[in-house]
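Me: I am new to this structure, and I would like to learn how to read its features one at a time. Could we begin with how helices meet?

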Amino acid sequence: MSPFKSPEDGIFPALLQKNSTYLLNPIKCIYRASLALGYIPIAWRIARVAFIPKPGKIDYTTAKSFRPISLTSFLLKGLEKLVDRYLRDGPTVTLPIHPRQHAYQAGKSTESALYQLVCRIERALDAKEYTLGVFFFEGAFDNTTMDSIRTVLDDWKVHRSVRNWIIALIKERKICAKVHDDIMHLQIEAYQPQGGGLSPTLWSMIADSLQFMLRDMLMMVLYLSLVLYYPLYVR
């Protein structure tokens, strides 16, 4: 974390980084207690939301023209980074994420996903075949349900204490937003914040499960197509 990024609770990252000799043990005790109890300290639950205009938009009178970035305590961010490391070095190593998933994966990006898509289209054109593409994602983080998060944590056999902590973090988080001169506090459920330390990894796990579900659905559609139309074709 950058040493002097704006803090939400007055605690700069530099304070934690330069005084680790004195702060390491107290912070370690707080982190262990938070994970063991599945409890999120009240000061960590509030996320101040900054609305960043999306570039290239013609109309900025709608909410979708802005990207809401959640700013939280750096103490919470530190624990989120540790939990994220546990998910990446533990459960997702035992049960790896599909290699064709490009979102939030090291060495991959939008460019690599587009390259793979274009290659598939070109191969189909060269073989004089058809290519079917389905695009249906919009607002991935804010449309993620709590049930889907619970399911992937169970599927990946995430440790119970970590699972309970992640669910508590998402369920108990509140947002603080300034509208004109008024400050609004809202309770948001089933909300993965943009800027959250765990949001990319959780979404990657959910998307991975979705890929297998879509594969099974596609196989079922192909099977039904063969059963229904192959006899007609033979005739």
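Reply: Contact means heavy atoms within 4.5 Å, and helices (H or I, at least four residues) are DSSP runs numbered from the N terminus. This is a predicted model, in which local features need pLDDT of at least 70, side-chain atom pairs count only at pLDDT 80 or more, and totals for chains, interfaces and linings use all residues. Residues are numbered from 1 along each chain as its sequence is written, and side-chain values use heavy atoms, with hydrogens and water left out.

Me: Which residues of helix 2 meet helix 4?

Reply: From helix 2, Ile27, Tyr31, Ser34 and Leu35 are in contact with Leu75, Gly78, Leu79, Leu82 and Val83 of helix 4. The contact residues comprise seven nonpolar, two polar and no charged, where Ala, Val, Leu, Ile, Met, Phe, Trp, Tyr, Cys and Pro count as nonpolar, Asp, Glu, Lys and Arg as charged, and the others, Gly among them, as polar.

Me: How many salt bridges does the structure hold?

Reply: Side chains of opposite charge can pair when their charged atoms come close. The structure holds five salt bridges (a side-chain nitrogen of Lys or Arg within 4 Å of a carboxyl oxygen of Asp or Glu). One of them joins arginine 45 and glutamate 172 at 3.3 Å, N to O, and this pair links distant parts of the chain, 127 residues apart, with arginine 45 in helix 3 and glutamate 172 in helix 8.

How values were computed:
Helix = DSSP H or I, 4+ residues; strand = E, 2+ residues; numbered from the N terminus.
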